[in-house]
Amino acid sequence: MDRDDLIRRLRAVVGNPYVLHRPDDLIVYEQDALMVARHKPDLVVLPDTTQQVSDVVRLAREAGLPIVARGAGTGLSGGAIPEAGGVVVALTRMTRLVELDLISRIAVVEPGMVNADLTAMLVPHGLFYAPDPGSQVASTIGGNVANNSGGPHCLAYGVTSNNVLGLEVVLADGTVAWVGGRAHDAPGYDLTGVLVGSEGTFAIVTKVVVRLVARREAVRTLLAIYDKMDVACEAVSAVIASGVVPEALEILDGITMRAVNQTLHAGFPEDAEAALLIEVEGLSESVPVLMERIEGICRAQGARRLQTAATAEERFSLWKGRKHAYGALGKLGRRAMMLDVCAPRSRLPEIMRRVLEAGRRWNIGVANFFHAGDGNLHPTPFFDFGDDSPEYARVIGLAEDIMRACVELGGTITGEHGIGLEKREYLGWMFTDADIAAMKQVKQVFDPAGVLNPDKIFPTGRAVHVVSRGADAPA
Amino acid sequence: MATLAPVHDPRARGGRGLMPAIPELEACIHCGLCLNHCPTYRVTHLEAESPRGRIYLVDAAAQGRLDLTKSVADHLYLCLMCRACETACPSGVQYGRIAEAAREVLGPPGPPLTRMMVRLALRHLMPHPRRLRAMAALMRLFQRSGLARLAARVLPGTLGRRLALMPVASPRFYAPEAEVLPAIGERRARVAFLTGCAMSMFFSEINEATVRVLRRNGCEVVIPSGQICCGALNVHNGEADSARAMARRNIDAFPEDVDAVVVNAAGCGAAMKEYGHLLARDPLYGSRAQHFASRVRDVSEFLAALGMRTQSRPLSQAVTYQDPCHLAHGQRVRAEPRALLAAVGVQLTEMAGSDRCCGSAGIYNVLQPEMAETLLREKMEAIRETRAGVVVAPNPGCMIQLRYGAQRFGVPVQIVHLLDLLDEAGA
């Protein structure tokens, strides 16, 4: 089957406007939010139903092309970059709320549903979908499932895998199958657990059964301001050790707060080195008590000042500032690269010291804003050279130093952004050959031909840094 | 500056390096947080119809990695230029400037005949108030004679409907009784007033109301006779050169010794606030343009800062407010109109997505009727849900579009300008 044949047959499945084949239509799908790599797909198809996804998979297989599923393209590890070309299956048209069961507190949604849109739809019912990644205003539930996304409020509610009960998927041969169910602990293998976080390498998700949680009666948001990052990190351990688990416990450093203030006027202090953003929810009787305890701990741990969000607007503004932190760093340098690593909570002060040391060693500014309560760090180097510059090697060196430090302290090389192509060469830092071989066996079962999002997650021996600005010619 | 490369000229195909490097491109870090805020992305779900996608196209063209084909131009012209993405963008990317620069290279939108007509109108009609006035008179004649109704029946689809529901041109083009109108009572400020082309043609009574409210609030109002259209349509439709000429004319026409240049059309205000950028490389006008731009104020912004004298006469009807894109996103003015409405006793019932584009967008609703109609339908549903009887939409394009929408989708609302209500309340 040649390209024109394939286009014609795909059009018959999804309709003419939804088979993209012109250079300008394709080039915008060569990247996601990882800016250091890109590759143009051969075709992009936007199906509207499960049956269409299945038909598209079968046709792509027949044509012998790889298949890369894509949501909103907000991923930061390059998971949606079609490195081997092939067909990108963009699921952005599949945005329906298929079912809302208020009694069972579940919703069945299509993968293209935007995370924040789902929560907005649930407001009248007093419910919400808990995982709230920084990208939630744009990222899709399907993409969240692929990367097992987290977010500030995952400290209390768990990450995506804790909030997804079942999935409808299209397998590598086009078969439509259901895994999991509508309640926790479906009988048989926990295939939902296997699929969540598989980054599109096992199957294409076409429906997601999500767990919904009730909004708490009361919420209080506190900003505890510190002069030293070290001290702020120690306060995090002290809060958790006290037995109070806040809904969210975040750290922002001074660089980030000033950048966010500049673009969003978010109301963060301008002169502090760090601040904890803490949120507590619960009954209106219990929240003040909890907050008082947390405030006491923060003060005892050397907070310079405590600032409580007095109004819903102030709270919204602080959270908007936190969620837009990465974007705001665009103000600091021409490029920024958000890393995603984890360290045990008890080692936070130490890992932060090593992050800052690494920044000094490579002479690159690093901003920090992260899910401190989870020990999930996002050191973000910002710099003024392009990714085609020889200086870019310093960014890679810095990132590797930070990852190595995390592994040494008993942490991991990724928290919530996935491995994609960004971190695949480092998988061996975490796992033995035997561990990786076991994972590959699972991949073999789901996708023996290796056509679903090929070359992601596992080491390839190829360099990650593949962009050369302006080098390739128009197609 | 790059010369106008005709997109549809076969010679342009395969031509490379036409897109200049645009410094604003650097700020985009490709995070994608703009996507879901973009009206055309929300409808199409296509990356190339999103702000990030369009920026990527312009960037790829500037790098010489992409030819400026007709298809690229189509993506850039399906954009409404509503700039909702700028409000959403955490990196402060100035999308409007990127798109305007790109459109300058691409030239006006549409197939060859449309391009030619748009270019003709932008170059030879918009900068000439007398020709605009003649057109307004002809239009009124056409509308009154019944010819319009006939044409509407004959013409197919949206075009016919639009023609039938076009607002009737005002009986007279706005013409103030004098060039300087004194303040009523104690003088608190001296302002110059932009009368605007669409405002003068279709809404001369709102211009009169604006001047009345300004004067009653102690403003001496200067209405320079040499002023012309602000040039917004030209900038947005790839005619930046003629826009620059128009900006220079206005800078010359407006007096320097005023506290503010007051504008009652959101689109014009946003464009005039960009005069400094538009003429940045003009050796003669560069710094004057910056000074001019720094004094431009939307009338709501100006009155709120001045402190409006109110004689509240509460309105009985429920009122909702449509944020004009070039006020909310283009000028970041959201609180002031609401505060002024509250000051005259109006309690707003907010609609869902009040800062989402209604689909008017200059000449967009004529050139992209399908997308404009889709957005308008959503907008009218949001208005219907508020059960409001009055929609305040302080921009001529929005008012024309919403009036058409109210009839087209049968929503019983009156569409007014903020200054209509303020004037009525005696402010």
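## A tour of the two chains

Start by selecting residues 369-386 and 396-408 of chain B: these are helices α21 and α22, which pack at an angle of about 75 degrees with their axes 10 Å apart. Helices (H or I, at least four residues) and strands (E, at least two) are DSSP runs, numbered from the N terminus. The axes are lines fitted to C-alpha atoms, for helices over the stretch in contact, and angles run from 0 to 180 degrees between N-to-C directions. That angle makes α21(B) roughly perpendicular to α22(B) (under 35 degrees counts as roughly parallel, over 145 as roughly antiparallel, 65 to 115 as roughly perpendicular and the rest as oblique).

Before going on, a word about the model: it is predicted, so local features need pLDDT of at least 70, side-chain atom pairs count only at pLDDT 80 or more, and totals for chains, interfaces and linings use all residues. Residues are numbered from 1 along each chain as its sequence is written, while chains are lettered from A and ligands numbered from 1 in the order in which they are written.

L376(B), K379(B) and M380(B) of α21(B) make the contact with Q401(B), G405(B) and A406(B) of α22(B) (in contact: C-beta atoms, placed from the backbone, within 7 Å).

Next, colour chain B by pLDDT, the predictor's confidence in each residue from 0 to 100. The chain averages 91, and 95% of its residues score at least 70. Select residues 1-17 of chain B, though, and the pLDDT is below 50; this stretch still has 27 contacts in the model beyond near neighbours in sequence. Where pLDDT is low, the predicted coordinates should not be read in detail.

Zoom out to the interface. Here 34 residues of chain A are in contact with 29 residues of chain B. On the chain A side, pick α2 (23-27), α10 (254-264) and α13 (325-328), the elements that give two or more residues to it. The largest share, four residues, comes from α2(A). For the complex, the predictor gives an ipTM of 0.92 and a pTM of 0.92.

Finish in chain A with an open sheet of five strands, in the order β5-β6-β10-β8-β9 with antiparallel pairing (strands pair if DSSP finds at least two bridges between them). Select β5 (97-101) and β9 (176-180): each stands at an edge with a single partner strand, so one side of each is left without a neighbour in the sheet. Five bridges join β8 (residues 164-170) of chain A to β9(A); look for V170(A), whose bridge partner in β9(A) is V176(A).

Technical notes
Contact = placed C-beta atoms within 7 Å.
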